Structure formats: structure tokens, C-alpha cells
Amino acid sequence: MRFGYKAWMLSEELKVESGEFFAEEEFRRGIVGFFGEEKFKASFDIDENLPLEGFSVAGGADGLKISGGCESGLLYGAYAALFALKRGEAAEKISISQKPAVEKRILNHWDNGDGSVERGYSGGSLFWRDGKIGYDLPRLRDYARLLASVGINEISVNNVNVRLQTAKLLTDEGLKDLVKVAEVFRPFGIRLIISVHFDSPVWLGGLKTSDPADPKVADFWNAAAARVYGKIPDLAGFLVKADSEFQSGPNAFGHTQDVGANVIAKALKPHGGTLYWRCFIYNCLQDWRDTVTDRPKAAYDTFFPLDGKFDQNVILQVKHGPSDFQVREPNSPLLGALKNTREALEFQIAQEYTGQQKDLYAWAVQWEEILDAPFNEERTTRDLIGKEIEAIVAVSNTGDDENWCGHLMAQANLFAFGRLAYNPALTAKAVTEEWVSLTFGNAAEIHAPIAKMLLDSRHVYEKYNAPLGICWMVCIHHHYGPSPDGYEYMKWGTYHRADTKAIGVDRTRNGTSYTAQYQPFVRDLYENLQTCPQEMLLYFHRLPYDFKLKDGRTMIQYIYDTHFEGVEGVENFITVWESLKGKIPDEAYTHVRERLAMQLENAKEWRDVINSYFYRKCGIPDEKGRTVYV
Ligand code: GCV
């Protein structure tokens with residue numbers, strides 16, 4: 001197996017004694033042959049006293065005793081044992097006991113029927129080709145193992161922007177192949193989700209309307225759910241993006257979101273299905289001259305008044321921030337605000353705005369910041385998990401590239417997502433170090449520099465990107481590289497409004513009042529210039545270029561400094577990586593070295609464009625006299 005294909009669960013050392021190792025009878029029969037030349041005996045049992053999907057692993061003279069609260073728990077226990085062995089722990093000393101923080105740990109694939117992936121940077125779809133799903137079942141089996149090894153238990157198999165090819169998953173014809181995919185994932189404890197189009201009653205049912213109040217529309221959804229569950233009884237549910245970015249939805253028929261969601265939820269209910277309903281709703285046809293409408297307010301304004309109106313099997317899926325997976329933005333005020341509505345927290349592992357798997361970017365560091373952020377004076381966002389937030393979802397970064405993730409090191413993000421969704425108390429450092437061990441081994445001279453590179457990567461990227469939480473300075477549509485005014489005069493509601501004196505949107509009570517959507521403690525934190533976290537200053541405030549930061553620097557000088565430092569950070573990554581030549585597999589070395597060269601080009605472009613842009617706006621030179629293009 002080539003290194004590119006190797007991911008933590010598929011490395012060469014993890015050999016099986018006979019047949020398939022995981023998810024089959026073999027592993028429960030009690031003989032496990034794995035891990036290099038060494039053999040370990042393991043016994044497996046289901047212990048109903050353990051939490052569902054929880055497990056314990058105990059080493060002893062007789063081998064490993066692995067217990068799970070259910071079959072998935074057993075699997076997770078087996079993977080945890082393997083991870084521990086691979087990290088160098090002595091089998092007799094292993095003692096692990098864990099349970100998931102949330103019941104639903106979900107990956108969304110934005111995969112299209114033609115095999116393309118929206119915001120995909122790892123080749124084509126693993127699921128789809130030429131309108132057919134499940135064209136490479138053996139590869140999907142490896143994928144299932146990979147996902148199960150980090151505790152993921154639900155996946156959606158098609159893009160939330162549903163087109164006709166994938167809408168047809170609801171038909172007998174579409175279901176034929178989906179059934180085979182479900183069979184591949186089922187033994188790994190992974191259930192499928194179908195993204196459905198709100199206009200399916202028209203597209204597939206021959207109706208004249210998709211109006212959720214029309215009884216024929218309800219009949220369509222009831223029949224569709226019955227058909228799907230007839231073939232895949234353990235389907236997790238449907239996922240819907242409605243009234244968003246040109247997708248239709250209940251608004252088109254004069255209804256609020258609950259009315260649209262509940263008609264589909266009622267169809268799923270008899271089958272035990274969940275409806276995931278996305279909250280990414282905003283006016284994507286805004287006039288840039290309109291300074292009153294403020295896009296970050298949209299999701300809360302739409303959904304907060306509807307709290308309690310959604311059926312019990314509806315989960316509202318909320319992006320972590322009010323903008324769109326930006327390098328820096330505050331947490332969505334909707335998270336935790338709904339007291340009578342179920343909520344899921346949505347992350348993006350795909351690096352749409354964070355370097356597109358060319359640039360190194362460890363999401364785990366940002367996710368940790370998000371989880372650490374306050375919900376109110378007493379609780380952090382992490383404290384909401386398992387309570388107000390009962391599912392954790394992420395947009396996948398995988399594709400059919402040999403190494404799954406485009407950038408070998410981007411595997412760390414997929415790994416971290418699964419581990420943190422299962423146990424959000426883990427630190428970014430812990431999950432990153434774990435991935436490095438499982439992928440490159442434990443030798444300190446290799447492990448320490450690679451882990452450090454990953455852990456530094458989020459801040460290095462942020463330094464050369466849009467400064468101080470301003471967001472959206474990316475090239476339009478494809479979202480790689482800088483274009484400070486790219487979105488400025490567009491319809492997407494993403495404005496920084498830089499002029500010669502100041503930059504940023506005042507979102508306090510003196511401005512758009514976006515801050516009022518937060519709990520009072522957090523609202524005050526962001527409104528006050530003294531307490532607003534520096535890296536989010538321009539998300540909440542409009543400030544002059546000579547605004548003094550806490551360390552005495554002017555804002556413009558900080559922007560210059562960070563942009564030079566960002567490029568230096570990438571140069572440093574290259575130096576570190578070059579020191580690993582000959583110590584890690586050549587294939588991995590060369591691949592990452594090539595990606596770092598691309599990243600350096602990107603970082604320089606960001607540095608020069610951003611610095612020149614601001615210099616040309618404000619005319620204040622860099623105190624250190626470095627090159628800024630006039
Ligand atoms: C699937 C952003 C992306 C879109 C994506 C959308 C969403 O706008 O650019 O590609 O569409 O988010 O989350 O629905």
C-alpha cells in the first residue's frame with residue numbers, strides 16, 4: 001500500500017489474521033492478529049451497563065479485554081486499542097474507557113451525481129460517477145472503516161445543493177444502488193442520510209407545486225419516506241437546504257421554515273427518521289448600497305422566532321459562525337439560544353476558505369477556540385454539547401484522490417473532527433499528536449516538528465489572510481487567494497466597507513445591532529472595544545487605520561506585521577519539512593513539499609495584495625520600510 005493511500009486506519013502494520021478484520025465476525029471471535037509481527041489476544045463482549053457506543057479496553061496478562069455498550073462501542077474499543085498500541089503503549093497497561101458526548105456524529109458530503117464535489121479539493125466523489133452511486137464499493141469499504149475508526153456514525157451521500165441526478169435517490173431506481181452503499185457502511189455502525197430537494201414533489205412526483213400546505217405534497221413525502229425506509233430501514237434521515245442560495249423552500253409559498261420542515265419530518269417519523277434542516281439562510285441578492293441589512297443577523301432572525309414550532313424529529317443544523325466557515329468569525333448566536341428546538345453544530349472540514357488543501361490548516365485549533373468561546377457568563381460553547389447541541393456535523397474534505405484528502409496532512413482534519421465529535425473535551429494538541437503518531441510514528445525527531453507545524457498552521461494562515469476578523473477578502477466564486485474588493489460590490493451581503501479612513505462594519509447597538517442576538521454577557525464582551533477579542537475587532541467594529549491596539553501598535557501596522565509574519569511562517573514550515581527529508585517516506589516528503597511551495601506562493605500573494613490594498617487606501621507607510629506595492 002502506498003503512503004499516499006495510507007491513513008491512520010489503513011497503514012501497513014495493521015494486518016489482519018484472516019479475512020476482513022473489522023466489522024465482521026472475525027474480530028468478535030477473539031483472535032486478533034495485528035500490529036507488525038506482534039500478535040495480541042483480545043476478548044470482546046457487549047456489556048449493557050456501558051453507555052451506548054461507549055467502550056472500555058483493559059490490558060492484562062491474558063490480552064486485551066474490549067467491551068462495548070453495543071456493537072459500535074465494541075468497534076470503537078477495538079480501534080482505540082489499535083491506536084494505543086500504535087502509539088507505543090504496552091498492551092498490558094492499556095486502560096481506556098470512553099463514551100460519546102453526542103449521539104449523532106455526522107459527515108456531510110457535498111457530492112454531485114456527475115462525480116464532482118462542491119468545494120471538494122481531493123479529486124472526484126468517492127460515491128458518485130456518471131449519475132451512479134456506489135461505483136467503487138471496495139474503496140467505500142475502506143472509507144467506512146476510516147470513518148468508523150474515529151466514531152463517525154452518520155453520513156449524507158449527496159450535496160445539499162441537490163440536482164436532479166441525486167434527487168432521484170428517492171426513486172426505486174436511485175435506491176437500487178444506494179442500498180448497496182448502505183450495506184457497506186452498516187457493519188461499521190454508519191447510517192446514511194439523503195439530501196433531498198424541497199421541490200422533489202414537482203421534480204419527481206409530477207405535482208404542480210411543492211407547497212408544504214398542499215395535502216398532495218404531504219402524500220408525496222409520506223410515500224417517498226415509505227419507499228426509502230422499505231429498502232433502507234436504518235436510514236438516519238433526510239437533510240434539507242431550503243430557501244438558501246437559490247434552493248427553493250417554504251418561503252416561496254409564503255410559509256415559515258417550520259411549516260416546510262414539519263411536512264417532511266412527519267413523513268419520516270413513523271420510520272424513526274430525523275430531518276436535518278439547515279439554518280444557512282440569508283439574502284444572497286442584497287444590494288451592496290443597503291447598509292441596514294446585515295447578513296450575519298439572518299439565521300437568528302429567521303429561526304429564533306420559530307423556537308418550539310419544529311416537530312420533535314427535526315434538528316436544526318447551524319454553521320458554527322454567522323458568516324460562512326471564515327478563518328475568523330464569532331460563534332453563531334443561534335447556538336444554544338433555542339430552548340425548545342433540537343440543534344446540530346456544523347463545521348467544515350473541507351478547506352473552502354482556509355487554503356483548499358493546498359495550504360496547511362489544522363481546523364482542530366480553530367474548533368477548540370470555537371468550543372472554548374463563551375455562550376454566557378457561566379458556560380462555554382463546549383458546555384452546550386450533549387445538551388442544547390445534540391449533534392455535531394461537518395462538511396467532509398474527502399474525495400477519490402489516493403490520499404483521500406488532497407493534502408496528506410489534511411487527513412489530520414478528518415481525524416480530528418471524528419475524535420472531537422466523540423469527545424469534545426480533547427484538546428487540539430492531543431488529537432493532532434495522535435494523528436501524527438498514527439501516520440508518521442512516534443520518533444520524537446519526526447513527531448514533534450510535524451505536530452508543531454500542524455498546530456501552528458491555523459495562526460500562520462490567519463496572519464496572511466483577511467485581518468482581524470474582517471472576512472471575505474477571497475477571490476470570488478472559487479475562494480482561493482486574495483481579492484479584497486472581490487465581494488465588496490456584490491449581492492452576497494459580505495461587505496467590509498473600507499475607505500481611506502476606516503474599515504469594518506459597526507455591528508454594535510450603534511450600528512446594525514447584530515450583537516444584540518448574543519446572550520448579554522457575550523454581547524457586552526463584543527461591543528466593548530476593551531474586551532472584544534483583538535482578532536475579531538473588525539467583525540464587530542468599524543475602526544480607523546491608526547486605532548491603537550493593546551500592544552501600542554496601530555491597526556495598520558499590525559496588518560503589515562502579521563502579513564509579513566505569515567509568509568515567514570510558511571518559509572519556516574518549509575525549513576522544518578526539509579529537515580525531515582530521508583526520515584519519512586519519500587512519497588510523503590515530496591508530496592507535502594510540493595504543497596508547501598504552493599502555499600508559499602499563496603501566502604506571498606495574500607501579503608502583497610492585502611498590504612498594498614490597505615496602504616493605497618490609507619497612505620500610512622509600514623514603519624519598518626518593507627516592500628509594499630504602491
Ligand atoms: C453547498 C457556501 C459555499 C457553498 C455551499 C454553501 C452551503 O456558500 O460556498 O458552496 O453550498 O456554503 O453551506 O450551503
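Mentor: Start with a cut-off: buried means under 20% relative accessible area, exposed over 50%, and partly exposed in between. Keep in mind that this is a predicted model.

Trainee: Why is Glu535 called partly exposed?

Mentor: Its relative accessibility is 29%.

Trainee: What makes Glu535 and Arg328 a salt bridge?

Mentor: Their closest N and O atoms are 3.9 Å apart. The cut-off is 4 Å, from a side-chain nitrogen of Lys or Arg to a carboxyl oxygen of Asp or Glu. The pair therefore qualifies.

Trainee: Why does this pair count as a link between distant parts of the chain?

Mentor: Glu535 sits in the loop between H14 and helix H15 (537–540). Arg328 sits in the loop between S13 and S14.

Trainee: What makes Glu369 and Arg328 a salt bridge?

Mentor: The N to O value is 3.3 Å, and the rule asks for within 4 Å. Glu369 lies in helix H10 (residues 363–372) and Arg328 in the loop between strand S13 (314–319) and strand S14 (342–348), so parts 41 residues apart in sequence are tied together.

Trainee: Are Glu369 and Arg328 buried or partly exposed?

Mentor: Glu369 is partly exposed, because its relative accessible area is 25%. Arg328 has 11% relative accessibility, so Arg328 counts as buried.

Trainee: How do you know that Arg507 and Asp294 form a salt bridge?

Mentor: Their side chains meet at 2.9 Å, N to O. That is within the 4 Å cut-off. The partners are 213 residues apart. Arg507 is in the loop between strand S16 (502–503) and helix H14 (520–527), and Asp294 is in the loop between strand S12 (274–278) and helix H9 (298–303).

Trainee: Why is Arg507 called buried?

Mentor: Its relative accessible area is 8%, and buried means under 20%. Asp294 is buried too, with a relative accessible area of 8%.

Trainee: How many salt bridges does the rule give?

Mentor: The count comes to 40. Some are linked in a network: Asp551, Arg553, Asp561, Asp622, Lys624 and Arg626.

Trainee: What makes Asp311 buried?

Mentor: The value is 19%, and the cut-off is under 20%, so Asp311 counts as buried. Asp311 lies in the loop between H9 and S13. Leaving aside neighbours within four places in sequence, Asp311 is in contact with Asn262, Ala265 and Lys266.

Trainee: And why is Leu85 called buried?

Mentor: Its relative accessible area is 4%, and the limit is under 20%. Leu85 belongs to helix H2 (residues 71–86).

Trainee: Why is H3 called oblique to H5?

Mentor: The axes of helix H3 (residues 137–148) and helix H5 (residues 172–185) cross at roughly 40° and come within 9 Å. Roughly parallel needs under 35 degrees, and roughly perpendicular runs from 65 to 115. That makes H3 oblique to H5. Their crossing is right-handed.

Trainee: Which residues in H3 and H5 meet?

Mentor: From H3, Leu137, Leu140, Arg141, Tyr143, Ala144 and Leu147. From H5, Lys180, Val181, Val184 and Phe185.

Trainee: Which residues have the most contacts inside the largest nonpolar core?

Mentor: They are Trp8, Phe127, Phe185, Phe238, Trp277, Phe440 and Trp577, in a core of 208 residues. Leaving aside neighbours within four places in sequence, Trp577 has contacts including Met409, Phe440, Ile450 and Met453.

Key
Residues numbered from 1 in each chain as written. Predicted model: local features only at pLDDT ≥ 70, side-chain atom pairs only at ≥ 80, totals over all residues. Heavy atoms only, no water. Core = buried A, V, L, I, M, F, W, Y, C linked by side-chain atoms within 4.5 Å. Buried < 20%, exposed > 50% of the residue type's maximum accessible area, 1.4 Å probe, protein only. Contact = heavy atoms within 4.5 Å. Helix = DSSP H or I, 4+ residues; strand = E, 2+ residues; numbered from the N terminus. Axes fitted to C-alpha atoms, helices over the stretch in contact; angles between N-to-C directions. Parallel < 35°, antiparallel > 145°, perpendicular 65-115°, else oblique. Left-handed = near helix turned anticlockwise from the far one by under 90°.
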